[in-house]
Amino acid sequence: MSRTSSDSQLDKPNIQKSAVYNIHGLGGSQASLSIPAIHKDVPGYRGSNEFILSDGKKSTMDHLREVGPWCRRKYQQVFRKKILYKRVPVLSWLPKYNMDDFVGDLVAGFTVGLTVIPQALAYSSIAGLPAAYGLYGSFLGCFVYIFLGSSKDVPMGPTAIASLLTFQATQGVWQKAVLLCFLSGVVELLMGLFGLGFLIDFVSGPVSSGFTSAAAFIILSSQVKDLLGITAKGNTFVQQWKSIFADIHHTQLGDAVMGFICIIVLLLMRLLPRLKVGPPDADQQTTLQKIVNKTLWLVGTARNAIIVIVCGAIGFAMYTEGQDPPFKMIGDVPSGLPAVQPPPFSIPEVVDEAGVVIQEAQSFGDMFSSLGSMLIVIPLIALLEDIAICKAFADGKSVDATQELIAIGVSNIANSFVQGYPGTGALSRGAVNNASGVRTPFGGLYTGIIVILALLFFTPYFFYIPKAALAAIIIAAVVFMVELRVVKPMWRSKKADLIPGLSCFIACLALPIEYGILVGIGLNILSILYHAARPKIHMDQLITPCGIKYLMLTPDRSLIFPSSDFVRNLINKHGLKNQTPVVIDCTHIYGADFTAAQVIDTLIKDFKSRNQMLLFLNPKPSVCSVFEGAELEYRVFYDMEHLEKAIQEIRRKSFQA
């Protein structure tokens, strides 16, 4: 790069002063480059003045010799104490574990256990599986999360949304559900190992709200059949209600009465934790008042378990063998723990006594292909639910999405070996966990033990639990998943965000739910691309000290190929309209590509053809390197004083000519 003078002050520049340099390209083209003073108190461009020249040529043997040192460096980076403590969080908190932590975790684990059991039984029906499979997926994952989980508030297990996605992927075939649990865990683990937690950033708040609200409606619709005691099927919201209306005339009075009474009672019990006896400050309450308040809180928190116990007792009292009960019951639940075995990688053919094929044989390839996109959707939604809990109770601390992916991935892999279906952290149980005073992830141990005790000793009594009561538990829970509260602030802040949210909501109701998510994410990406292709350009009319008017145009983002022609047309439009020198302020242009460089070259030629001045102010080195690589003839300035002097000099020469 050589330097020439643009005014008399620049003939012999001092390196400590700003200077204008002309960059010579091929064919004699030039571009001026103003270098600001290099001093700590002088504002301007800051960058390294050191660089290394290398021919960049290495032989194959040189590359092979570098493999060993590279592997050693990676080994040292991975197998460090800091990384070990980060990836196995139990090593950080277990040495500090004390009696206060034990008491807090015991109370929280027991309370969450009372919540998990009725939810697991209910969520099994959403997944289209026998009731026992919800319990199978509710204990081993809790144990695994103790070692790998980074949040004290996450209780691993089945969730309403995961159960819905499982049903849509497996249609109630337990072998597919267990295999889906294993494969989802593998995908989550691989995503964690490769640091792909950032993928949830592509699911915006409006899309997440639209999906969650639609899932709540679909889950609610799936439980109407048990609430009314009728038969109904369907994957989508529309299909479910068509089936419900087709069979609604078979509604069973006993199921309907039981279900609606349970819903009303559950909604009323939900208010109990808010009731307080005595002064608001706990320190001013008497012992009796504290006991009453704790009892109200415990009854409200354990409302699902209370409803299951009471309705199960009613079912037991009204059941007479050989006679039809007044409402449908769960039926037999296998007693004892599930067998520890690998997940099924094939489905055998099942034939009844008459020789009719009840279930066709399927190979691993058939099962894998039938799961399809759910192998990606379920891990992403599981991470989304899990991170929502972590952020809700993080108290300002950062959340490690990579570690959470590893934790829920290994948990699901472990669950698949005890016949569980996909699960993750549930926000409702996380809220109970936090409100119960959990101190560490060790609370999951006591939750898992409660589930194991239920499987060992209480499964015979699950027979009498009415299906309508479980349906009521689900309906009373998911009705609060409909996120109407976000619509008003979204409308006030940015109405355009309602488009992907509402589109995702409608698409999830009308189409299979995975397509609805893709619609929402697709609209978000299109919105991002549109804004990238249509940057805003701020315009200022300025005057030099000598009274020469010029136009300052400031784009607000980088120049990339979608926006190149738009920017060119806009700058040309303002240039033709004003017929004054035009300066492009590149302060906010942090990058450019070859297409943008070609368009800028055309823009420069457009201005040159009509003898109009076009100058560039404050481009980043990365942008200059792209322009130089494209052999552009352009003038660059990093100082307003030299910029205005150049405008005056060029205008003076044009008048003399």
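Mentor: We'll take strands, then a helix, then charged and aromatic pairs.

Mentor: This is a predicted model: local features need pLDDT of at least 70, side-chain atom pairs count only at pLDDT 80 or more, and totals for chains, interfaces and linings use all residues. Residues are numbered from 1 along each chain as its sequence is written, and side-chain values use heavy atoms, without hydrogens and water.

Trainee: How many residues of strand β8 are buried?

Mentor: Of the 7 residues in β8 (549–555), 6 are buried, so the strand is largely enclosed by the rest of the structure. Buried means under 20% relative accessible area, exposed over 50%, partly exposed in between, with a 1.4 Å probe and protein chains only. Strands are DSSP runs of E, at least two residues, and helices are runs of H or I, at least four, numbered from the N terminus.

Trainee: In which sense do β7 and β8 pair, parallel or antiparallel?

Mentor: Antiparallel, over 7 bridges, with β7 spanning residues 537–543. Pairing takes at least two DSSP bridges between the strands. Gln541 has Leu551 of β8 as its bridge partner. The hairpin has 5 residues between the strands, and Gly547 there takes a positive phi near 90 degrees.

Trainee: And which way does β9 run against β8?

Mentor: Parallel, with 3 bridges joining β8 to β9 (582–585). Leu551 has Val582 as its bridge partner in β9. The chain gets from β8 to β9 through helix α23 (561–578), in a right-handed β-α-β crossover. Right-handed means that, with the strands pointing away from the viewer, the path from the first strand over the helix to the second runs clockwise.

Trainee: Switching to α17. Which residues are buried there?

Mentor: Arg429, Gly430, Val432 and Asn433, in a helix covering 427–435. Down the axis of α17, the buried residues fall within an arc of 160 degrees, so they line one face. The arc is taken from the directions from the helix axis to the C-beta atoms.

Trainee: What do they pack against?

Mentor: The partners include α4 (99–126), α12 (287–301) and α15 (374–392). Contact means heavy atoms within 4.5 Å. Just after α17, Gly437 takes a positive phi of about 90 degrees.

Trainee: Salt bridges next. How many?

Mentor: The count is 7, where a side-chain nitrogen of Lys or Arg must be within 4 Å of a carboxyl oxygen of Asp or Glu. Asp400 pairs with Arg87, the closest N and O atoms being 3.1 Å apart. Asp400 sits in the loop between α15 and α16, Arg87 in helix α2, 313 residues apart.

Trainee: How many aromatic pairs?

Mentor: 20. Rings of Phe, Tyr and Trp (its six-membered ring) pair if their centres lie within 6.5 Å; planes under 30 degrees apart are stacked, over 60 edge-to-face, the rest tilted. Trp93 and Phe442 are edge-to-face, at 6.2 Å centre to centre and 70 degrees between the planes. Trp93 is in α3 and Phe442 in the loop between α17 and α18, so the pair ties together parts 349 residues apart in sequence.

Trainee: Which cluster holds Trp93 and Phe442?

Mentor: One aromatic cluster is formed by Trp93, Tyr97, Phe102, Phe442 and Tyr446.
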